[in-house]
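Let's take a walk through this model together. Keep the sequence and the 3D view side by side as you read.

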Amino acid sequence: MLAKALSSAVVGLDSELVEVEVHIDYGKSTVAMVGLPDPAVAEAKERVRAAIRNSGFDFPSRRLTINLAPADLRKEGSAYDLAIAIAILSANGVVKDEHVRNRLFLGELAFEGVVRPTSGMLPMASVAPTNGIREVFCPTANASEAALVAGIEVVPVDSLSQLVGHLQGFLTIPAHEAESANSHELVSYESDMSEIRGQEHVKRALEVAAAGSHNVLLTGPPGAGKTLLARAMPSILPAMTPTEALDVTRVYSVSGLLPSDTPLVRQRPFRSPHYTVSHAGLVGGGNTPRPGEISLAHRGVLFLDEMPEFASHSLEALRQPMEDGMVTISRASGSLTFPAKFMMIGAMNPCPCGYFSDPGRECTCSPSSIVRYQKRLSGPLLDRIDINVEVPRVAYEKLTSVIMPEGSADIRERVQRARERQLERFSDTSQTCNADMGPAQVREYCTVEPAAQALLRQAMTQLHLSARAFHRTLKLARTIADLAGEAVITSTHVAEAIQYRPRQSV
Ligand SMILES: Nc1ncnc2c1ncn2[C@@H]1O[C@H](COP(=O)(O)OP(=O)(O)O)[C@@H](O)[C@H]1O
Ligand SMILES: [Mg+2]
């Protein structure tokens with residue numbers, strides 16, 4: 001007797017259809033399983049066998065061959081259990097093949113027959129529409145996540161016996177009802193720009209950064225408010241487009257970081273890994289490659305506080321993703337790519353003691369130690385940072401002033417308008433912000449008025465701008481013009497953009 005059931009395997013952030021084939025033969029009672037990595041086979045066998053028995057069905061006591069195809073596909077995780085169990089019960093005659101065919105079964109089984117949630121449900125369920133499958137059975141806790149896939153019916157399953165009852169027609173599990181997509185919940189932010197006194201020029205720089213997704217480096221003495229300012233960033237970021245939200249959700253799904261009640265990530269990510277983070281933790285990798293912090297920050301912010309303290313090889317590994325918007329992880333069985341279009345915010349002291357260039361307190365560092373400290377951020381890395389701002393200590397008068405600074409909601413509204421101009425500009429592409437522009441688009445969209453051209457030429461020679469830095473400055477000027485609601489980039493916009501380039505400080 002031969003029976004089949006369909007499942008799905010996560011590959012990077014995508015997935016492939018997996019066909020489970022069960023063959024029951026006369027012969028000694030054995031179970032052979034092919035197509036799963038070795039350590040997973042024994043566990044899967046035990047879980048499925050126990051779940052079938054504990055759900056009140058017979059486990060065939062004959063020769064059983066279970067094949068997961070395609071064989072060369074590396075299948076990780078335990079989400080195939082449900083399909084394996086259903087294929088066995090179909091081969092056994094408990095459920096009819098016509099009720100199994102053309103349906104997708106996803107979920108891990110516990111010994112007692114309960115269906116347990118797994119990570120990666122969104123990408124796994126995505127194979128259904130592309131393979132002409134309409135119905136997806138998945139763990140109840142993952143149902144709203146699977147339902148993010150358009151064009152499928154999601155049936156939430158609690159246990160194997162319940163699923164079998166449904167397939168046999170004894171009971172009906174109601175399909176998952178998708179929540180209305182435009183349920184506009186109010187987001188609350190941890191901190192607000194109005195709590196931060198002074199530092200108007202830093203807030204302006206962060207506004208520009210948020211509008212076009214440009215990289216920022218904040219430099220200043222301890223206690224100046226660098227961490228405070230960076231942590232207020234989420235409150236001024238523009239809303240994500242539906243496509244961006246789904247892309248981000250895929251990363252969190254595969255990483256097992258999605259809460260089951262609110263499966264769609266609606267807020268832009270803000271990740272702030274500590275400087276002791278491992279290389280794999282930052283850029284991604286590991287035995288079973290997982291997205292790193294840079295991918296968890298996709299379409300959002302990667303905040304590197306105390307940036308010179310990060311391992312230099314980790315910082316250097318950021319360069320390629322900062323350019324390409326993705327990271328490639330090589331391993332023996334081929335390479336995987338994860339998306340990594342993030343806005344980087346770095347924060348650092350100007351020197352080891354922290355008080356270099358502070359007018360109120362003397363720096364105790366030797367010139368050579370200052371140079372060594374600043375050199376920890378390499379030239380090529382600094383070249384990718386569009387906005388460099390100094391964060392001085394706030395004067396007492398400002399800290400105690402009764403005048404309330406502008407709140408995040410007002411800033412966010414300007415940022416949002418500037419981002420909408422960009423979305424319109426790039427409506428024919430998958431790009432969403434100025435920072436994503438390639439050289440051809442810079443040529444097309446970053447037209448500067450003649451007076452501004454002279455200014456650019458001067459900056460090129462005086463600041464020794466690389467071709468990359470030149471393009472980055474133009475993109476930044478585009479964002480500044482977008483914030484001002486102007487189509488043509490003027491000298492004012494260019495001047496502000498140039499002012500954000502790093503200056504030699506020592
Ligand atoms: N501009 C500011 N307005 C209000 N409070 C501030 C400001 N700057 C610093 N603080 C206070 O000082 C604390 C330390 O700031 P922090 O952001 O950690 O400084 P840094 O990261 O630059 O060393 C903050 O938690 C806050 O209480
Ligand atoms: Mg700090």
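A quick definition to start: contact here means heavy atoms within 4.5 Å. This is a predicted model, so to speak of local features we need pLDDT of at least 70, side-chain atom pairs count only at pLDDT 80 or more, and totals for chains, interfaces and linings use all residues. Side-chain values use heavy atoms, with hydrogens and water left out, residues are numbered from 1 along each chain as its sequence is written, and chains are lettered from A and ligands numbered from 1 in the order in which they are written.

With that in hand, look at Asn142. Leaving aside neighbours within four places in sequence, Asn142 is in contact with Pro117, Thr118 and Met121. You'll find Asn142 in the loop between β8 (135-139) and α6 (143-146); helices (H or I, at least four residues) and strands (E, at least two) are DSSP runs, numbered from the N terminus. Asn142 is buried, at a relative accessible area of 6%. Buried means under 20% relative accessible area, exposed means over 50%, and partly exposed is in between (1.4 Å probe, protein chains only).

Now for the big picture. The protein chain is split into domain 1 (2-168), domain 2 (199-425) and domain 3 (437-506), with bounds that come from an automatic or database domain assignment. Between domain 2 and domain 3, the C-alpha centres lie 22 Å apart. Their contact takes 29 residues from domain 2 and 19 residues from domain 3.

Back to helices: how many residues of helix α2 (residues 81-91) are buried? Eleven of the eleven are, so α2 is largely enclosed by the rest of the structure. Among the buried residues of α2 are Asp81, Ile84, Ile88 and Ser90. Just after α2, Gly93 takes a positive phi of about 85 degrees.

Most residues other than glycine have a negative phi, and most peptide bonds are trans. Asn102 isn't a glycine, yet its phi is positive, at about 65 degrees. Asn102 belongs to the loop between α3 (97-100) and β5 (103-105), and at 49% relative accessibility it counts as partly exposed. Gln199 also has a positive phi, near 55 degrees, in a residue other than glycine. Gln199 sits in the loop between α7 (160-168) and α8 (200-212), and is buried, with a relative accessible area of 6%.

Last stop, the ligand. Which residues are the closest to ligand 1? Of the 14 that surround ligand 1, the closest are Arg197, Gly223, Lys226, Thr227 and Leu228; a residue is near a molecule if one of its heavy atoms lies within 4 Å of it. A backbone N or O atom of Arg197 lies 2.7 Å from a nitrogen atom of ligand 1. Helix α9 (residues 226-231) gives the largest share of the shell around ligand 1, three residues.

Note on methods: Polar contact = N/O pair within 3.5 Å; in protein donor to acceptor, adjacent residues only side chain to side chain.
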